[in-house]
Amino acid sequence: MKLINEKKPAFPWFGMDIGGTLVKLVYFEPVDITAEEEQEEVENLKSIRRYLTSNVAYGKTGVRDVHLELRNMTMCGRTGNLHFIRFPTQAMPRFIQMGRDKNFSSLHTTLCATGGGAYKFENEFRMMADLELLKLDELDCLIRGLLFVDRVGFNGHPECYYFQNPSDTQSCVKKPCTLDNPFPMLLVNIGSGVSILAVYSENNYKRVTGTSLGGGTFLGLCCLLTGCETFEEALEMASKGDSTNVDKLVKDIYGGDYERFGLQGSAVASSFGHMMSKEKRDSISKEDLARATLVTITNNIGSIARMCAVNEKIERVVFVGNFLRINTVSTKLLAYAMDYWSKGQLRALFLEHEGYFGAVGALMELLKTTEDP
Amino acid sequence: MAECGRVDSNTSHTMDKSITLPPDEIFRNLENAKRFAIDIGGSLTKLAYYSTVQHKVAKVRSFDHTAKAAAGDKLYEISMQEEVTARLHFIKFENAYIETCLDFIKDHLVNTETKVIKATGGGAHKFKELIERKLGLKVDKEDEMTCLIKGCNFVLKNIPHEAFVYAKHADSEFRFQTTNPDIFPYLLVNIGSGVSIVKVESEDKFERIGGSSIGGGTFWGLGALLTKTKRFDELLQLASKGQHASVDMLVKDIYGGSYGYLGLTGDLIASSFGKSATADKDFSKEDMAKSLLHMISNDIGQLACLYAKLHNLSRVYFGGFFIRGHPVTMHTITYSINFFTKGEVQALFLRHEGYLGTIGAFLKGAEEDNPNQYSWGENYAGSSGLMSVSPDMNPMQRARSGTFPFDMLEMDRLERQLVNLPLLQDPSSYIPDTVDLTEDALAREYWLYCFEEALDGVVKRAVASQPDMPEAALRAEKFRQKYRHKLQTLRQQPFAYGSLTVRSLLDTREHCLNEFNFPDPYSKIKQRENDTALKYYQKAVKSLDELSWEEKQFALVQGVLAGNVFDWGAKAVSDVLESDPEFGFEEAKRQLEERPWLVDSYDQWLERLKGPPHKCALFFVDNSGVDIILGVMPFVRELLSRGTEVVLASNSGPALNDVTNGELQILTERIAAMDPVIEAGLREDRLLLVQSGSSSPCLDLSRLDKVLAMVVRERQTDLVIIEGMGRAIHTNYYAMLSCESLKMAVIKNSWLADRLGGKLFSVVFKYEVPAGKPNKDCGAFSPS
């Protein structure tokens, strides 16, 4: 028993993904702790567990996504709950400060971190909190984490879903599905920016391209255009707005469809095209602007993803990343765009744990490193 | 999207009604205008019309030599005749001036046969009623994209150096592409308010394969919201001053450095506007505009690359109001294409991009005239160059100057259809010009100076050529102003008409001379020199015949070279000719450099002559007088005697003292009357005189008369001889031919001689045999 325990990494088990905008943290809370373990458990380890599991918000900006919690799962021979926590990257210095205050370095755990911040904040972790990060590549982690969560499932339900009848707003419904045979897939990760990967197996993938027009662009432009401050606020406004007051449609130019090229009158001809006119600029609502920003960014990602899928000859397009969190406008739009422009050839797939796969992948690395001799 | 722009409702089209148009410059030849087309975009109107231009041309006519008394001493008479040529006019001006322009057209339109005006562009609908009312023409709307593609095909085919690569930090920002006769397939990315990506496969086959809603309208609309700046140009101005890194989240902002594993550098934009989401600080207008420009340019570039890759296309042209001559957008698009394709695809731009729609609309309306059957040439005299003070440049500056801003393109219909010389080794890589003055600043400086220096002489010559016309002096003065202005423009913007070359400087001068009805300033000089030289022909031939075979071959070459010294185009020579009309052929020979020459493959040539005769020689001739009569003709005579057929290619129209086809016809007849070898050659159809299709002192082997190309093919030409500085040094020095070639010239310019490592009157004698075609029979035959 003891022998096995020694092979396992010491608690706490964390995986961390430090992105451009958000830090994603997964925490494995063991529920199979023996009395013996409980006795040996140092005080600050207990306090960390209690702090994380008994709160849903941390400080001003940290949030635990309770609805995403994976319960009673087994990792590395231990049973427990996997918690999903996020906070803005801006709060990173405070987080490191906390690590020092809680004397995290005494716990002899390895902090596995991925995302750009693993590199950017490496020195601060070392200097401020005496913590050595194990830096991991974000795309490796993303794929590993995604495949793992899909295998484990979402508390008895499938992790993956798609939209049935994506072209029809009335009958468009979310349907669960499994990624039984996931390869090849085009993986579109929409964070602050966007990375597009062609994945052929767990270890065989390539980054096809990326675009700087991502979630950061949506929020950045919304903040500048509407004065909003958070992603939630921006999405809330967008959900109430109408982008056709902002965008110029094909029918605004041609009076109807542009038949010569098979373009529907309702297609967007020029994003923000109406805003070239001063009168229209003066009369536009913030909600309409937020909606147009969202639609513009989403359609553009859809368009690039679709072209990549065609170029790479891949039919399954999986969209992940925190841009899709609580963002059904975008998920439905992406599903529609994939279906419509490919004439049903491409299928858009989504995952419930949108933005957390990198962090999960980092945690798996922790478990893997200590398993190795 | 196809829409080229939008009608700015803020600018009333009546505001500039009081402005007076400069009628000498704008809407030229309106009296004879036949067919109209108009393309009204968001802010600019482009008008096209077809007109005929009456020009004076110098014609030569042989005197009837049976009636000797009437003929006097002269060989032929020169007469000035009126000739009508077809010309396409294209004018671009701001929509604000549309009413003024329509009024002007109405007042000057004499020929009212036309009933219809073809129209395209987003604004065509808005101005339909105004146009119909003012001009009394029915507006007939044409599909925008069809017009755009038609126009694009037309300029790519007919205008050399139409397309260019933009390199902001290079010595010359514009790198012009050589005209490839095979223009298809290509991708056209039209960035109007939205983006349309069109694959063009042939003259009539094109397809919109994709597009994007993020385009010029997004830059304009979103830019106006973010910066409270109304005008598109002002937004670009802001962008060119901004720093995007304060607004964008870069890779280094996330990673602290580069993302080495993926090869993403730290300065790469990870998230456009990513910083404006996290920081609640103020951003400058400039920085936001710059960030927006990058975001949109990168996005369009990325999509263009994805489509180019999918359809396996490497030629991608960018157009639309977003691009239209704006260095800042050309730069960001170029940057984006280079980034996404790692240099595999080049972003190409077009000099006349703004005119594509109206050219296409015009062509649609002119289909019955088959404009595509002809070759057309850009008239440098009547066309504004790239980046001239055109309506789409520097609106603020222009507003202050108070002038009516317009930009023009004129294209002349060429009498002959022009094609490649079939003997070019690789037509797609052929570049006529030896030195690109756009890139070579030192050479540019010199030649611009040289042409400016020579201007007085040219003006004097032009006036002297028309002694019976009292207003010639005034016209010559106008010519001087025009050409001097062109030279000044070229000093500032060497790229104005494509790559600047000695050829383009010469051609521009010819165009300007023609424009002011000086079709042939050297006609009288040529006549006099031809007369004089003819008198010495028989004597020259006789003395050659007295030489041994080997001596004769050398004397013939020396004769061609000495004859080539007689060139009014070269300042060093024209000075001597001017001061000493008796400057003789023999003296010219003495001036020549002693062998070994600067470039000397005479020994190889002589060896070759010992071998079997060539089947057919194509000889591009140069000057009249001593050059053609005492230099070239004896050489031709020897070729004929060897059993080689000879095709003499001379200019279709006059240029300097170059012998024209018309003159050469008469001269050859006269020589034939004295020389049985030439006479037999003509009679037996072994000596042919054909037009080159050109009126330039230089030679572009990719634009030659179709008939010439046919003759060259039929006669199985196996030797090409190119003579003179203009044709063998300034152009074609490096031209690779698929048969034997001989380039002969005397360097009559000390600066150029210096540059080539020689001195004044150094000789270039360049005999080349293409690789893989060894002279296997060389030396097998002995001369009789």
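A:Asn103 lies in chain A, in the loop between helix H4 (92-101) and strand E7 (111-114). Helices (H or I, at least four residues) and strands (E, at least two) are DSSP runs, numbered from the N terminus. This is a predicted model, in which local features need pLDDT of at least 70, side-chain atom pairs count only at pLDDT 80 or more, and totals for chains, interfaces and linings use all residues. Residues are numbered from 1 along each chain as its sequence is written, chains are lettered from A and ligands numbered from 1 in the order in which they are written, and side-chain values use heavy atoms, with hydrogens and water left out.

Here is some background for our tour. Most residues other than glycine have a negative phi, and most peptide bonds are trans.

Back to A:Asn103: its phi is positive, about 55 degrees, although this residue is not a glycine. With 40% relative accessibility, A:Asn103 counts as partly exposed. Buried means under 20% relative accessible area, exposed over 50%, and partly exposed in between (1.4 Å probe, protein chains only).

Now turn to chain B. B:Phe761 sits in the loop between helix H27 (750-755) and strand E25 (763-768). Phi of B:Phe761 is also positive, near 70 degrees, in a residue other than glycine. Because its relative accessibility is 10%, B:Phe761 counts as buried.

Next come the cis peptide bonds. One joins A:Phe183 and A:Pro184, with omega about -10 degrees. You can find A:Pro184 in the loop of chain A between strand E10 (173-177) and strand E11 (185-190). In chain B, the bond from B:Arg595 to B:Pro596 is cis, with omega near -5 degrees. Look for B:Pro596 in the loop between helix H20 (585-591) and strand E18 (599-600).
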